[in-house]
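Here's a quick walk through a few strands, a helix and a surface patch. Have the viewer open and follow along.

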Amino acid sequence: HFFALPFCRFWEMSWIAWIFAVLAALLGWRLAVGPQLEPALFEYGGPLPQLVPNHRLGAAEHLFEGQVHGPEGFAVDKNGLIYTSLGDGRIIRFKPEAKKFEEFARTGSNLTLCNGSPSTQPICGRPLAMKFDSEGNLIVADGYKGILSVDPQGRVTPLVVEAEKVPLVYADGLDIAPDGMVYFTEMSTRYPILQLFLGLLDGDSSGRVLSYNPKTRETKVLLKDLPYPNGLTLSHDGRSLVISLSLISAVMRYDLATGKTSTLVRNLPGVPDNVLKHPHRPTYLVTLDFKRAQPFDLVTELASRPMARKILARLIPSIVLLLLTPSYGIVLEVDENGNIVTSYQDPTGRTGWLTEARVIGEYLYLGSWLNHFAARVPLSALEQ
């Protein structure tokens with residue numbers, strides 16, 4: 001026992017030393033092989049707007065729970081069928097009163113591995129924003145496949161896969177003008193969906209806004225070097241594009257006649273995704289992926305600290321950053337002057353991680369890039 005006691009203490013200390021050595025080795029390995037970024041400095045500008053919390057989205061009805069993954073956006077055909085784009089590459093459709101859906105098309109391969117995981121989406125496809133053209137074709141922005149046309153029989157035809165000899169990396173938002181011109185965003189020319197959070201940490205500003213003329217099949221780059229352009233819609237008067245900029249929590253305008261840009265609203269209380277015209281009044285529905293917290297906001301704090309973002313990118317996997325972000329459902333209604341007229345919220349996060357808010361009939365339909373359900377709220381409930 002006299003000799004065993006010091007040996008046991010030495011053994012315990014050795015194990016502790018081994019644990020620290022392994023942790024140090026893992027840290028060093030992560031620093032060595034982690035993403036090598038040179039993050040850009042960016043700012044939001046001004047204090048966060050003070051929103052009064054409400055629960056207008058709290059009673060949202062969840063549709064097809066557990067049967068779908070990431071119903072990002074919606075579209076409606078001439079017969080009133082509703083279509084939504086899923087994370088596994090499927091586009092499904094359903095009647096507003098139905099409890100079942102049917103598969104309409106797939107933008108990628110139909111394989112058993114197509115389960116909605118981001119790692120499978122380069123093969124399976126990731127349809128995002130969608131809209132029907134005047135001929136009944138569903139025009140789709142797919143994050144990996146580019147701009148696609150899906151005919152009424154569900155047959156998929158690629159329309160745009162590159163622009164100015166640069167392949168599309170992350171097609172995202174989309175709208176169609178009355179003359180048939182297709183306008184769309186490319187969120188990044190450097191980071192695909194799988195590296196979305198890495199691009200955020202990098203402060204990536206390689207995004208583009210483009211147009212596609214179906215008559216001439218010509219694609220033009222209208223804007224470039226943008227900080228994560230996401231959602232896009234034609235303005236109410238049709239003279240400009242209204243575009244959300246996810247990286248800097250802002251919404252901008254692009255004048256189609258002059259090519260000039262201006263800021264509609266900046267320093268939003270969250271990260272904006274899709275932006276859509278409200279069909280009943282001259283406002284825009286801006287959906288926020290997640291809310292920037294008050295009084296302390298990690299996203300804002302990191303914006304002015306590129307070195308901290310560089311270290312985080314090397315040390316912490318993107319999924320960990322996602323898990324550290326609380327779910328909070330929020331949709332803003334913004335007028336033509338950039339004023340936040342009202343907001344629709346779910347502070348509980350039951351219906352959070354939202355990407356799109358689209359008025360269809362008597363409901364506001366809510367899309368998500370993450371949820372395993374689509375959601376909707378009666379318009380009458382939102383006015384209370």
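## Helix, strands and a patch

Start with helix α5 (residues 306–315), where R309, K310, A313 and R314 are buried. Buried here means under 20% relative accessible area, with over 50% counting as exposed and anything in between as partly exposed (1.4 Å probe, protein chains only). Why do they sit on the same side of α5? Because they cover an arc of only 135 degrees around the axis, the arc being that of the directions from the helix axis to the C-beta atoms. As background, an α-helix has 3.6 residues a turn, so residues three or four places apart point the same way.

Two notes before moving on. This is a predicted model, so local features need pLDDT of at least 70 and side-chain atom pairs count only at pLDDT 80 or more, while totals for chains, interfaces and linings use all residues. Residues are numbered from 1 along each chain as its sequence is written, and side-chain values use heavy atoms, with hydrogens and water left out.

Now for strand β21 (residues 283–291), which is mostly covered: eight of its nine residues are buried. On its other pairing, β21 runs antiparallel to β22. Helices (H or I, at least four residues) and strands (E, at least two) are DSSP runs, numbered from the N terminus, and two strands pair if DSSP finds at least two bridges between them.

| Pair | Bridges | One facing pair |
|---|---|---|
| β20 (residues 270–277) and β21 | five bridges | K277 and Y284 |
| β21 and β22 (residues 329–335) | six bridges | V286 and L332 |
| β17 (residues 240–245) and β18 (residues 250–255) | six bridges | S244 and V251 |

The β17 and β18 strands belong to an open, antiparallel sheet of four, in the order β16-β17-β18-β19. Its edges are β16 (229–234) and β19 (261–265), each pairing on one side only. Neighbouring strands of this sheet are turned by 30 degrees against each other on average, direction ignored; the axes are lines fitted to C-alpha atoms, and angles run from 0 to 180 degrees between N-to-C directions.

Last stop, the surface: L111, L113 and I123 make a nonpolar patch of about 240 Å². L113 lies in the loop between β5 (102–106) and α2 (121–124), and counts as partly exposed because its relative accessibility is 38%. Patch members have over 30% relative accessible area and no salt bridge, with nonpolar side chains (Val, Leu, Ile, Met, Phe, Trp, Tyr) joined within 5 Å and like charges within 9 Å. Areas come from the Shrake-Rupley method with a 1.4 Å probe, and for residues only the protein chains shown count as cover. A salt bridge is a side-chain nitrogen of Lys or Arg within 4 Å of a carboxyl oxygen of Asp or Glu.
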